[in-house]
Amino acid sequence: MLEREFSPEEKEIAFDVQQEAEEHEALIEDLRKILHEDWGRRYLWRLLSFCRVMDRSMDRDALVMAFREGQRDIGMRLMKDIDEAEITAYNTMRMEHYNAEKERAAARDKMRKKFYEEADNC
């Protein structure tokens, strides 16, 4: 079988594709490092919530709907990268957020109880 020689354009395209793949893998590795830190997972969770990934984009106003869908699109891309970097990371972030919310609610309840006890003693 004869091997054909690639044109300079084909070689350039192959080089660009390889370089893009290497850059993508380097970014995914950076994301893995972020996901291994508590502060990184908290930040990414907050960013995903701003992106309204789990919300609907629907609105009667087409411009509002387009804006929301843009937010959501960025969030979906981020979720895809998070899954590629560490498949269990989203569930970890979700549980950490849930536990933090429970702790905040317990602290609020404790402060309310203390406030009412002090008010009753006055």
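Predicted model: local features only at pLDDT ≥ 70, side-chain atom pairs only at ≥ 80, totals over all residues.
## Helix packing, core and aromatic pairs

Helix 1 and helix 2 sit roughly perpendicular to each other, because an angle of 65 to 115 degrees counts as such. The angle between helix 1 and helix 2 is about 105°, and their axes are 6 Å apart. Helix 1 also packs against helix 3, at about 80° and with 9 Å between the axes.

**Helix 1 against helix 2**

- On the helix 1 side, the contact is formed by L31, I34 and L35.
- Their partners in helix 2 are G40, R41 and L44.
- By residue type, this contact of helix 1 with helix 2 divides into 4 nonpolar, 1 polar and 1 charged.

**Helix 1 against helix 3**

- With an angle of about 80° between them, helix 1 is roughly perpendicular to helix 3 as well.
- Helix 1 brings H24, I28, L31, R32 and L35 to this contact, while helix 3 brings D81, I82, E84 and A85.
- The residues where helix 1 meets helix 3 comprise 5 nonpolar, 1 polar and 3 charged.
- L31 and L35 take part here, and both also belong to the contact with helix 2.

**The largest nonpolar core**

- The largest nonpolar core holds 15 residues, and the members that touch the most others are L31, L35, L44, L48, I82, Y90 and M93.
- At least two core residues come from each of helix 1 (8-35), helix 2 (38-50), helix 3 (62-85) and helix 4 (89-121).
- Helix 3 is the top contributor to this core, with 4 residues.
- What does L35 touch, leaving aside residues up to four places away in sequence? The list is R41, L44, I82, A85, E86, A89 and M93.
- Among those neighbours of L35, L44, I82 and M93 are themselves named with L35 as core members that touch the most others.

**Aromatic pairs**

- How many aromatic pairs does a search of the whole structure find? The search turns up 2.
- Are F115 and Y116 buried or exposed? Both F115 and Y116 are exposed.

**Two residues to look up in the viewer**

- R52 has a positive phi of about 55°, although it is not a glycine.
- You will find R52 in the loop between helix 2 and helix 3.
- The relative accessible area of R52 is 29%, so R52 is partly exposed, a class that runs between 20% and 50%.
- A105 belongs to helix 4, and with 27% relative accessibility it also counts as partly exposed.
- From A105 to E29 the C-alpha to C-alpha distance is 35 Å, and the two residues are 76 residues apart in sequence.

Methods:
Residues numbered from 1 in each chain as written. Heavy atoms only, no water. Core = buried A, V, L, I, M, F, W, Y, C linked by side-chain atoms within 4.5 Å. Buried < 20%, exposed > 50% of the residue type's maximum accessible area, 1.4 Å probe, protein only. Contact = heavy atoms within 4.5 Å. Axes fitted to C-alpha atoms, helices over the stretch in contact; angles between N-to-C directions. Parallel < 35°, antiparallel > 145°, perpendicular 65-115°, else oblique. Nonpolar A, V, L, I, M, F, W, Y, C, P; charged D, E, K, R; others polar. Phe/Tyr/Trp six-rings, centres within 6.5 Å; stacked < 30°, edge-to-face > 60°.
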